[in-house]
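Subject: Structure for your review

Dear colleague,

Please find below the structure that I am handing over to you. My findings follow it.

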Amino acid sequence: MNLHLIVDVLPLLLEGMLLTAQLTAASVAIGLLIAVPLALLRTSPSFVFSYTILLYTFVFRGTPLLVQLFLIYYGAGQLEWIRSSAAWSILREPYWCALITFSLNNGAYTTEILRGGIRAVPSGEIEAAKALGMSYALRIRRIVLPAGFRLALPAYANEVVLMLKASSLASTITLMEMTGTARKIVAQTFSPYEVFIAAALIYLGFTFLIVHVFGRLERHMAKHQQRAGLKNNSRSRVRAAAKISAAQKVAP
Amino acid sequence: MTELQGFGDQIALGAFTTLRTACTSLVLGIGVGLCGALAKRSRVQIIRWLADCYTTLVRGVPELLIILILYFGGTVALTTMFGRYVEVDAFAAGVFALTIVFGAYATEVFRAAIQAVPSGQIEAAQALGLSKFWMWHLVILPQMWRYALPGLGNLWLTLLKDTALISVVGLEDLMRKTSIAAGSTHDPLTFYSIAAGLYLLFTSVSLIGLTWLERRSDRGVRFAK
């Protein structure tokens, strides 16, 4: 184990980390934008919407991310109508291909997680909103989404960590994010332990950061429940978590 | 497109390797997971601490990086150990890496499942004078299996998809064979779509099997309603 080497490669890895962070943050943000309307439609009584979205989430959750990435990166260029359209200037770039794939993949998982949360919202709360004469849009904005998101938060935090880890796949399509940088350095120095372990530690720190931030967010969002007595609160949260995991069992 | 331009056999062979890798890792990973869960419940503090370190480390680092560490790191370690260049077999490295990853997640699933077994059951087993082995064999394992199954099913689906990552270090699995076919025929769209379809088939069949297993494990359990 060569400690000097770790110190030497750290700045290079941190440079890669910037791209990793950027890819993760952007994919999670776009994924959430995709997931919120889809999760609402997925829980809507409409048969057509629900099943069309199920098809999307099923395909993206049932195939490896690597296949999806290669399909978009290598496959899209094969279609003449894409090559001749304006989209080609985007799909030609590995960065955009990775971002599109990650966002769609993350969106699919997030849709199902949010769906679990939305379904776990107590029906009494929604009925109360109806009884108060709230319109559908107001109900969604004030009751369903905030309550559903709070219930889905633990599962969503896991999904964000998974997205961080999945962003390492971008290295397979030549992007120099952290794993890609680490592989390049290993190819030059041939000291896999030092470099890969340094990269692993940075990922680990990142994971802790995400877990910590979401832990704080969770506590922040549960503020109104804390006054009701801790014991009751924790029990109702366990019940809600069980409900979510039961709801998620339906699809892969 | 007859016979996938001659690549049909290769892809079938790759699909077989994918399933073989996943199944081997599943069996080994369940073993690791059970040991991990036992370690987390151990009375010895250092064993608990080691188990905590294992699950935290593995679950916080990308699977791809773990595979790279074990494959390239393993090659370097064996080379220095034997004094000549030894290359690690991609299948062995892949199964090893996936077992470690699966084991870490399975540890948490099993730990929760063991906790879900009512303590009265364990006390009853002790009251009957069952030895530790028979208590696990007759009382705890059959009951925790039911609680562990949904989580384990999700892990299996993840494992199945993670096998694609080993193609990066050269395992001749479905993903790798597809890449070769896509590269030499200049038809990535068709071939990656076929690969996606095959993975989807595997996950769908797994889901049907898991639903059956879950229903089977629920027999003999009374539900309210």
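Helices (H or I, at least four residues) and strands (E, at least two) are DSSP runs, numbered from the N terminus. The model is predicted, and local features need pLDDT of at least 70, side-chain atom pairs count only at pLDDT 80 or more, and totals for chains, interfaces and linings use all residues. Residues are numbered from 1 along each chain as its sequence is written, chains are lettered from A and ligands numbered from 1 in the order in which they are written, and side-chain values use heavy atoms, with hydrogens and water left out.

Chain A as a whole

Chain A has twelve helices and zero strands. Of its 252 residues, 49% are buried, where buried means under 20% relative accessible area, exposed over 50%, and partly exposed in between (1.4 Å probe, protein chains only). A contact is defined by heavy atoms within 4.5 Å. Among contacts in chain A between residues at least 6 apart in sequence, 78% join residues at least 24 apart.

Helix α1 (residues 3–43) of chain A contains A:R42. This arginine, A:R42, counts as buried because its relative accessibility is 8%. Leaving aside neighbours within four places in sequence, A:R42 is in contact with A:S50, A:I53, A:L54, A:E112 and A:R115.

A:R42 and A:T57 are 15 residues apart in sequence, and their C-alpha atoms are 10 Å apart in space. A:T57 belongs to helix α2 of chain A. Why does A:T57 count as buried? A:T57 is buried because its relative accessible area is 0%. The side chains of A:T57 and A:E112 make a polar contact of 2.9 Å; a polar contact is a pair of N or O atoms within 3.5 Å, and within protein one must be able to donate a hydrogen and the other to accept it, while residues adjacent in sequence count only if both atoms are side-chain atoms. Not counting residues up to four places away in sequence, A:T57 touches A:G62, A:A108, A:T111 and A:E112.

Further positions in chain A

Helix α3 (residues 65–75) of chain A is mostly covered, with eight of its eleven residues buried. Among them are A:L65, A:F70 and A:G75.

A:A120 sits in the loop between α6 (94–119) and α7 (123–131) of chain A. A:A120 is buried, at a relative accessible area of 5%. From A:A120 to A:A152 the C-alpha distance is 8.7 Å, and the two are 32 residues apart in sequence.

A:F149 is placed in helix α8 (residues 136–166) of chain A. The C-alpha atoms of A:F149 and A:L114 are separated by 6.5 Å, although these residues are 35 residues apart along the chain. Residues up to four places away in sequence aside, A:F149 touches A:L32, A:L114, A:V144, A:Y156 and A:M221.

The interface of chain A and chain B

The size of an interface is often given as the accessible area lost when the parts come together. Between chain A and chain B, the buried area is about 3,300 Å², of which carbon and sulfur atoms give 78%; buried area is the accessible area (1.4 Å probe) that two parts lose on being put together, summed over both. A:Q78, A:K165 and A:F196 supply 17% of the area that chain A buries against chain B, more than any other three residues. In terms of contacts, 38 residues of chain A meet 41 residues of chain B.

The count between chain A and chain B is one salt bridge, that is, a side-chain nitrogen of Lys or Arg within 4 Å of a carboxyl oxygen of Asp or Glu. The side chains of A:K165 and B:E63 meet in a salt bridge (3.5 Å, N to O). On the side of chain A that touches chain B, α10(A) gives the largest share, ten residues.

A position in chain B

B:E108 lies in helix α4 (residues 90–116) of chain B and counts as buried at 15% relative accessibility. Its side chain is joined to that of B:K40 by a polar contact of 2.6 Å.

With kind regards
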